[in-house]
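Morning, everyone. Let me put the structure up, and then we'll go through it.

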Amino acid sequence: ITPEVALNRRLITEEVLRTGQPRVFEDERNGRWMRHSLNPVLAPDGTVAAVSTFATDLTERRRREKILVARQRMSEYSINHSLKDLLRMALDEAEAVTGSALGFLHFFDEESKSLTLSAWSTRTLATGFQVGATKLHYDVREAGIWADCVRERRPVIHNDYMGLPGRKGVPDGHPALANLLLMPVVRAGRIVAILALANKDGGYRDEDVQALPELGNLLWDIIEHKRAQEDLTKSESLLNMSQSLARIGGWEWDADSRTLSWTREVYRLHGIAPDSVAPGSPELIERSLACYAPGDRTAVHDAFRECLESGAPYDLEVRFTPEGGTPRLGRTSGEAVRDGGRVVKVRGMFMDITEM
């Protein structure tokens with residue numbers, strides 16, 4: 001625990017002892033986020049005799065929140081950017097989620113047993129790393145520790161790179177390495193890529209390994225679609241593709257015409273066929289609200305109404321059951337679009353977060 005964290009805890013405890021008022025605060029210790037609830041314990045004479053403390057581990061929740069945000073950004077970014085830009089952005093997100101300083105992506109061909117160094121994060125390139133300073137193609141049978149996760153077919157952590165007996169070192173111009181996290185991206189039982197992260201302060205933990213599979217799988221979904229649909233130029237097609245990959249859909253309410261517009265993914269998430277109901281009709285609104293649990297239905301309706309009237313944005317988790325489907329967990333958000341101070345539209349997104 002750092003001196004700053006220890007001091008903050010002591011000061012808050014003293015405050016509860018002095019004032020008799022409960023306090024709740026969060027802090028980080030050894031890579032884990034904790035929420036502390038401090039409550040006064042009263043003596044018979046009514047004075048504060050002690051402080052009781054209850055701690056809740058928020059680490060997993062924080063990790064999932066980071067992945068949710070990264071997933072949404074990657075999906076939106078994929079619409080109007082090249083595959084090269086997307087790979088770099090995905091590495092940037094993986095670095096942010098794990099606290100890494102460097103990131104690399106290697107494509108892997110199981111037929112030829114070859115690795116291709118294909119992408120580098122923004123921070124990696126900012127070190128002065130030159131693409132031509134290292135080999136871009138490797139035979140996995142000759143590669144060093146980069147291929148450990150291929151050989152073992154599982155994520156591998158090396159927290160003491162310099163102490164590894166089998167390391168082959170790095171070429172001139174390559175950033176120095178202190179530690180490594182190597183994760184294979186697997187599709188249909190085949191390793192298709194290696195996500196490599198390096199130089200995390202304090203080294204990597206199992207929590208870092210748990211954070212990466214979803215990002216890696218989403219990334220490969222986007223790669224496959226990008227490769228298959230490079231000739232797509234219409235923004236609507238790209239938008240529908242990225243939303244389907246991330247299970248995120250967009251919607252918009254026009255206050256003047258009182259009509260509701262959905263992207264194709266919102267229809268799919270609600271189990272409603274687009275041709276089964278007139279776009280923007282009252283029936284569409286009624287059928288969508290009927291998918292939500294009663295309490296959540298009221299919360300969504302009230303939040304939307306407040307956004308339309310005052311411009312207050314909202315972001316809610318909701319329980320919903322698609323037509324003909326099984327219960328799911330969703331996230332819906334809305335924001336106001338103004339014209340001269342008047343709210344003319346409310347637009348937002350709907351996302352399936354059941355598996356997150």
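Which helix gives the largest share of the lining of the largest cavity? H6 does, with three residues. Keep in mind that this is a predicted model.

Let's stay with the cavity. The structure holds one cavity of 30 Å³ or more. Seven names to find on screen: the lining is made of Met74, Ala90, Ala94, Leu195, Leu215, Gly216 and Leu219. By class, six of the lining residues are nonpolar, one is polar and none is charged. Helix H6 runs over 206-228, and both H6 and H3 supply at least two residues of the lining.

Now to the helix pair. Helix H2 covers residues 59-77, and helix H3 covers residues 83-98. Their axes come within 10 Å and cross at roughly 170°. Angles over 145 degrees count as roughly antiparallel, so H2 is roughly antiparallel to H3.

Who makes the contact? On the H2 side, Lys66, Ile67, Ala70, Arg73, Met74 and Tyr77. On the H3 side, Asp85, Leu86, Met89, Ala90, Glu93, Ala96 and Val97. By class, the contact between H2 and H3 has nine nonpolar residues, four charged and no polar.

One link between the two parts. Met74 of H2 and Ala90 of H3 are in the helix contact, and Met74 and Ala90 also line the largest cavity.

That's my part. Over to you for discussion.

Notes
Residues numbered from 1 in each chain as written. Predicted model: local features only at pLDDT ≥ 70, side-chain atom pairs only at ≥ 80, totals over all residues. Heavy atoms only, no water. Axes fitted to C-alpha atoms, helices over the stretch in contact; angles between N-to-C directions. Helix = DSSP H or I, 4+ residues; strand = E, 2+ residues; numbered from the N terminus. Parallel < 35°, antiparallel > 145°, perpendicular 65-115°, else oblique. Contact = heavy atoms within 4.5 Å. Nonpolar A, V, L, I, M, F, W, Y, C, P; charged D, E, K, R; others polar. 1 Å grid on protein atoms, 1.4 Å probe; cavity = no way out; pocket = protein on both sides within 12 Å on 5 of 7 lines; lining within 4 Å. Points joined across faces, edges and corners; volume = space filled by probe spheres on them.
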